[in-house]
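These are my notebook entries from an afternoon of looking things up in one structure.

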Amino acid sequence: KDMAKELVQAIKDQYGPMTVKSYDHMAENFFWSYRDCLNAVAMEVVYARREDINKPLILEDICDLGIGTGNLSYLVLDKYLRSWREEGAREPQNINVFAADLSKEMMTAAEKKLCQLKRVTATFKVLDLKSGLKGVMDDHFDCVLSGFAIHHLNELEKSQLFKEVYR
């Protein structure tokens, strides 16, 4: 019952200061299989996309649309850097992350997580995915992530967003 109240508060708060304090706890406990979903996406990015299973994928520029508190990006980057170490390869010099979210407060939480990772430089931008990706997709990204944001868009907005990502 308390979790339902937290979810209602998050919606009313528009993922602002009140939500940031409880979001990770709420996601872990309210959303069935949250951690499994994040791990599955991270494993897909790090291992399944390889052209040669014996060579680590090179990711230098990553885009996270709707980064929230940064859980997905952190997990992907952590697994990615570990994969290089475990395979005895020289780690990438720098990984650039472009992170967008509607909530400045959520991005502040994400920044605290991502700054813990060596070789990662992150740029954050307040962005409403409903308004499109003007200026964002002008850059090339090796990987575009979006964990728990796109479901907030209607069908037309999703279609327009995917067209911009895949152009």
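**Entry 1**

I began with Tyr80 and Trp84, which both lie in helix 4, four residues apart, about one turn of the helix. Helices here are DSSP runs of H or I with at least four residues, strands are runs of E with at least two, and both are numbered from the N terminus. I noted the general rule too: an α-helix has 3.6 residues a turn, so residues three or four places apart point the same way.

Before going on, I wrote down where the values come from: this is a predicted model, in which local features need pLDDT of at least 70 and side-chain atom pairs count only at pLDDT 80 or more, while totals for chains, interfaces and linings use all residues. Residues are numbered from 1 along each chain as its sequence is written, and side-chain values use heavy atoms, with hydrogens and water left out.

Next I looked up burial, where buried means under 20% relative accessible area, exposed means over 50%, and partly exposed is in between (1.4 Å probe, protein chains only). Tyr80 counts as buried because its relative accessibility is 1%. Trp84 is buried as well, with a relative accessible area of 11%.

**Entry 2: the aromatic count**

How many aromatic pairs are there by this rule? I counted rings of Phe, Tyr and Trp (its six-membered ring) as paired if their centres lie within 6.5 Å; planes under 30 degrees apart are stacked, over 60 edge-to-face, and the rest tilted. The count comes to three aromatic pairs. One of them is tilted: Tyr34 and Phe148, at 5.2 Å centre to centre with 35° between the planes. Tyr34 lies in helix 3 (residues 34-48) and Phe148 in the loop between strand 4 and helix 6, so this pair ties together parts that are 114 residues apart in sequence. Tyr34 is buried at 4% relative accessible area, whereas Phe148 is partly exposed at 35%. The pair Tyr80 and Trp84 is edge-to-face, with 6.1 Å centre to centre and 80° between the planes.

**Entry 3: Ser73**

I stayed in helix 4, where Ser73 lies. Is Ser73 buried or exposed? Ser73 is buried, with a relative accessible area of 1%. Its side chain makes a polar contact with the side chain of Asp64 at 2.6 Å. For a polar contact I took a pair of N or O atoms within 3.5 Å; within protein, one must be able to donate a hydrogen and the other to accept it, and residues adjacent in sequence count only if both atoms are side-chain atoms. Leaving aside neighbours within four places in sequence, Ser73 is in contact with Asp64, Ile67, Leu114 and Leu145, contact meaning heavy atoms within 4.5 Å.

**Entry 4: salt bridges**

I then searched for salt bridges (a side-chain nitrogen of Lys or Arg within 4 Å of a carboxyl oxygen of Asp or Glu). By this rule there are five salt bridges. Among them is the one between Arg82 and Asp78, whose closest N and O atoms are 2.9 Å apart. Both residues lie in helix 4 (residues 71-86), four residues apart. Asp78 is buried at 14% relative accessible area, and Arg82 counts as partly exposed at 41%.

Another joins the side chains of Arg35 and Glu28 at 2.5 Å, N to O. Arg35 is partly exposed at 33% relative accessibility, and Glu28 is partly exposed at 36%.

**Entry 5: helix 6**

Glu155 counts as exposed, at 60% relative accessibility.

Which residues of helix 6 are buried? They are Glu157, Lys158, Leu161 and Val165. These cover an arc of only 100° around the axis, which puts them on the same side of helix 6 (the arc is that of the directions from the helix axis to the C-beta atoms). They pack against strand 1 (61-65) and strand 4 (143-145). The face turned away from that buried side carries the exposed residues Glu155, Leu156, Lys163 and Tyr166.

At the start of helix 6, a side-chain oxygen of Asn154 reaches to within 3.0 Å of the backbone nitrogen of Leu156.
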